[in-house]
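Subject: Handover of a structural model

Dear colleague,

Please find below the structure that I am passing on to you. My notes on what was found in it follow directly after.

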Amino acid sequence: MPGMRGAEFDELTFFRAIHESGVRALLIGRRALVLLGLPVLTADYDFWIAIDQIAIFNAAAAQCGLQPTLDPETARRRGRYVVENDEHVDVLVARSVTTVEGVQVAFEDVWVQRQTVTLAPGIEVQLPAVDDLILTKRFADRPKDLEDIRLLRMLKSQGQK
Amino acid sequence: MTADPPDPGSFHDRVLGPAEARAYLDAPISEAEREEVLALVHWFRRRYPTPAERLAYVRRAYARWRRTLGIGATFR
């Protein structure tokens with residue numbers, strides 16, 4: 001509902017809207033780690049979406065009162081934008097992103113290898129496979145990204161795909 | 001519980017150089033570190049067995065952390 005404030009933000013409603021929209025959106029960032037069972041704190045949400053589906057994603061986000069900071073064409077050109085109100089959602093919108101070590105990571109490849117987590121009946125969230133999640137953490141190489149990579153490696157050593 | 005840093009310009013949010021990043025990633029994971037992290041994972045998964053419960057816990061934990069420190073409003 002337009003104008004919804006962050007204090008009223010319902011996380012399940014948000015994920016349901018994304019799921020029901022059919023948008024190809026991968027949850028990345030620390031909330032993906034949380035879904036996998038790693039107790040890390042984060043303030044925002046991070047998604048990587050198909051480059052031609054900005055409008056679909058924005059329409060889903062608008063159901064929770066989240067508004068885009070850029071028009072779709074500008075967002076596509078810049079490769080990232082934000083939808084926000086009292087909540088903040090970073091959206092990566094690129095066919096591929098290169099890690100700091102020069103590895104090109106393509107959305108289509110990550111999408112094919114994705115894993116699905118069921119939040120509630122009828123609400124599924126798409127996550128990259130752990131190896132791909134690790135690659136997304138190398139897009140910036142901040143210390144907290146590298147800490148997360150270590151955590152993901154430990155999780156992977158326990159058999160997490 | 002690992003927390004994000006208090007502001008975007010902090011130690012944890014800076015971008016590392018390739019050599020520094022590689023050194024960090026190549027550092028071996030000790031058995032003690034592995035055990036500590038996996039114990040935390042086991043607790044988290046046991047206490048919050050569903051993905052929805054885990055997300056809800058983190059929202060509560062973040063709100064609590066922000067109230068306690070009073071400086072969380074600016075970081076991501």
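What percentage of the 76 residues in chain B is made up of buried residues? The figure is 12%. Please bear in mind throughout that this is a predicted model.

Chain B and its contact with chain A

Chain B contains 3 helices and 0 strands, and its elements follow the order α-α-α from the N terminus on. As for the interface, 35 residues of chain B are in contact with 33 residues of chain A. On the side of chain B that touches chain A, the elements giving two or more residues are α1 (18-26), α2 (31-47) and α3 (51-69) of chain B. The largest share of that side, 9 residues, is supplied by α3(B). By class, the residues of this side of chain B comprise 24 nonpolar, 3 polar and 8 charged.

Chain A as a whole

Chain A has 7 helices and 9 strands. Of its 161 residues, 44% count as buried. The C-alpha trace of chain A spans about 45 × 35 × 30 Å along its principal axes. Among the contacts in chain A with a separation of 6 or more, 54% are between residues 24 or more positions apart.

A helix pair in chain A

Two packed helices are described by the angle between their axes and the distance between the axes. For helix α1 (residues 11-21) and helix α3 (residues 54-62) of chain A, the axes come within 8 Å and cross at roughly 145°. The crossing of α1(A) and α3(A) is right-handed. On the α1(A) side, A:Ala17, A:Ile18 and A:Ser21 take part, and they meet A:Ile56, A:Ala59 and A:Ala60 in α3(A). This contact of α1(A) with α3(A) has 5 nonpolar residues, 1 polar residue and no charged residues.

Strand pairing in chain A

Strand β2 (residues 45-49) of chain A is mostly covered, with 5 of its 5 residues buried. From β2(A), A:Tyr45, A:Phe47 and A:Ile49 point one way, whereas A:Asp46 and A:Trp48 point the other way, and all are buried. Strand β1 (residues 25-28) of chain A pairs with β2(A) in the antiparallel sense over 4 bridges, and A:Ile28 stands opposite A:Asp46 in β2(A). The pairing of β2(A) with β5(A) is parallel and has 5 bridges. Within that pairing, A:Trp48 has A:Leu92 in β5(A) as its bridge partner.

Strand β5(A) is also joined to β4(A), by 5 bridges, and these two run antiparallel. They form a hairpin with 3 residues between them. The bridge partner of A:Val83 in β5(A) is A:Val89. Strand β3 (residues 67-68) of chain A pairs with β4(A) in the antiparallel sense over 2 bridges, and A:Gln67 has A:Glu84 in β4(A) as its bridge partner.

In a regular strand the side chains alternate between the two faces of the sheet. Along strand β4 (residues 80-84) of chain A, A:Tyr81 and A:Val83 point to one face and are buried.

A:Asp90 lies in strand β5 (residues 88-93) of chain A. A:Asp90 and A:Phe47 are 43 residues apart in sequence, while their C-alpha atoms are 6.3 Å apart in space.

With kind regards

Notes. Residues numbered from 1 in each chain as written. Chains lettered and ligands numbered in written order. Predicted model: local features only at pLDDT ≥ 70, side-chain atom pairs only at ≥ 80, totals over all residues. Contact = placed C-beta atoms within 7 Å. Nonpolar A, V, L, I, M, F, W, Y, C, P; charged D, E, K, R; others polar. Buried ≥ 20, exposed ≤ 12 C-beta atoms within 10 Å, placed from the backbone. Pairing = 2+ DSSP bridges. Axes fitted to C-alpha atoms, helices over the stretch in contact; angles between N-to-C directions. Left-handed = near helix turned anticlockwise from the far one by under 90°.
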